[in-house]
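Please look through the sequence and the model shown here before reading on. The paragraphs that follow lead from ring pairs to one helix and then to charged side chains.

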Amino acid sequence: MTTTASMATTEVQPYRWRWVALFVVLAAEVMDLLDALVTTIAAPTIQKELGGSASLVQWLGAGYTLAMAVGLITGGRLGDLYGRKRMFLIGAFGFTAASMLCGVAVSPAMLVGSRVLQGLFGAVMIPQGLGLIKEMFPPRELGKAFGMFGPVMAISSVGGPILAGWLVDADFFGTGWRMIFLINLPIGLATALAAIRFLPEFRLSNATRLDLGGVALVSAAAFLLIYPLIQGRELGWPAWTFASMAASIVLFAVFGRYESRRAKAGKDPLVTPGLFRKRAFTGGLVAGLAFFAGMMGFGLVFSLYTQMGLGFTPLQAGLAGLPQAVGGVLGFGLAMSGLQEKLGRGLLQIGTVVMAAGAAVLALTIHLAGVEVTSWQLAPGLGLVGIGMGLTMAPFFDIVLAGVEPHESGSASGTLTAIQQLGAALGTAVLGTLFFNLLAAEWSFGASMQVTVWVEVGLLVLTLALSFLMPRRARPEQAAH
């Protein structure tokens, strides 16, 4: 069946296989979420067995999320231009092939390069599924369809680190850590084959052309920022690392001017320039950058601390983080029970406070228990962090997007999602580098972890302060999904 942009939802029957197609889309989401999480647990083992410096641990996560951040900005438009089903299939097959390359990597460079490919193909695949859902489902079912994402993502966030630890420890067929990538082969192929059968095709008749110049500028700017942050420590922070970061700021400014000129000339910009003149949206972007940087950076450092500092196995490290994941599910559930509609922005602010309190409890626990700290002692602080994380994330996107006009929501949504991924890459680079710097200065693992946790608290305080720039409530039509 072919769906066109000109069809009015009220004039046609809903797509017959829409619920089956929804599960195909959800399978792709699970693959993406798992691959964003699994290397956090497996990274120490990968470095030990494959070789490479400590920066490999950071690049395994940052390479994926940085590629995803850049790719997401254009991923949705590729579907508009060439067809959502076609681009979903290219993304799914490409993601599966890149996973195989990760699983057979023979060097750190090959593994990081394959992770970048994963991120790029993931950025092609994910936006198509979200766009197809809006076309397949009538308005009365959209809320229910998007509501499926919450439980699926919650279960994946709980199970991902545990699955990664179990696969590494189980060492199936002697594959060790490689199985965390090879498991994507049957899942990815099944998803792609099901997509061929059950996904409808959709393409916009008035799709905008790609802004390849903007893509090149923002990609270069992001790389010039992340690369020296990760590699600078091992190289002794030569002058070029600081020059690179300064050049990144200049290039981001050039990107802004380029987009403005493109918009004034009547061409389609990569990002709508007018968005950045809206205080509420800009404040939300910076808040998102701080929040997701702290969250992902904290996850990496906690995994390093438990395995390298406390001597946990990968499976034990995955289980140690379980209270945070369960707390996240609980926090999200509380938000969905009516708190999000009732409190609006206030729920996001409560969440950041709870999360910061949990991080402070965790730092105090590590300080008091020293090297004898157990998973049970870490659980209360991690549980609070998770609850706060769920309360914060549930309303975040809807609140930030309420600060833009309806006709700008497509560009704003893509930009916000890209900022989420860029924040993850930045957090992995900054907090990971801080942790390794402290260890190199002969700080203990416990002391290094405590400092990292307090930096996370600082980022949450920044998020809280910036939240006051955001709208008080989401728009009614956004709150449903």
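How many aromatic pairs does a search of the whole structure find? The search finds 15 aromatic pairs, a pair being two rings of Phe, Tyr or Trp (its six-membered ring) with centres within 6.5 Å, counted as stacked when the planes are under 30 degrees apart, edge-to-face when over 60 and tilted for the rest. This is a predicted model, in which local features need pLDDT of at least 70 and side-chain atom pairs count only at pLDDT 80 or more, while totals for chains, interfaces and linings use all residues. Residues are numbered from 1 along each chain as its sequence is written, and side-chain values use heavy atoms, with hydrogens and water left out.

The rings of Trp19 and Phe137 have centres 4.8 Å apart and planes at 75°, so this pair is edge-to-face. Because Trp19 lies in helix H1 (residues 18-50) and Phe137 in the loop between helix H4 (108-136) and helix H5 (139-147), the pair ties together parts that are 118 residues apart in sequence; helices (H or I, at least four residues) and strands (E, at least two) are DSSP runs numbered from the N terminus. Phe137 is buried at a relative accessible area of 1%, whereas Trp19 is partly exposed at 30%, where buried means under 20%, exposed over 50% and partly exposed in between (1.4 Å probe, protein chains only). Elsewhere, Trp59, Phe223, Tyr227 and Trp240 form one aromatic cluster.

In helix H8, the buried residues are Asn184, Gly188, Thr191, Ala192, Ala195 and Phe198. They cover an arc of only 150° around the axis, which puts them on the same side of H8, the arc being that of the directions from the helix axis to the C-beta atoms. These buried residues pack against H1, helix H3 (84-103), H4 and helix H7 (179-182), contact meaning heavy atoms within 4.5 Å, while the face turned away from the buried side carries the exposed residues Pro186 and Leu193.

Side chains of opposite charge can pair when their charged atoms come close. The whole structure holds 3 salt bridges, each a side-chain nitrogen of Lys or Arg within 4 Å of a carboxyl oxygen of Asp or Glu. One of them joins Arg115 to Asp35, with the closest N and O atoms 3.8 Å apart, and this pair links distant parts of the chain, Arg115 being in helix H4 and Asp35 in helix H1, 80 residues apart. Arg115 is buried, at 0% relative accessible area, and Asp35 is buried at 1%.
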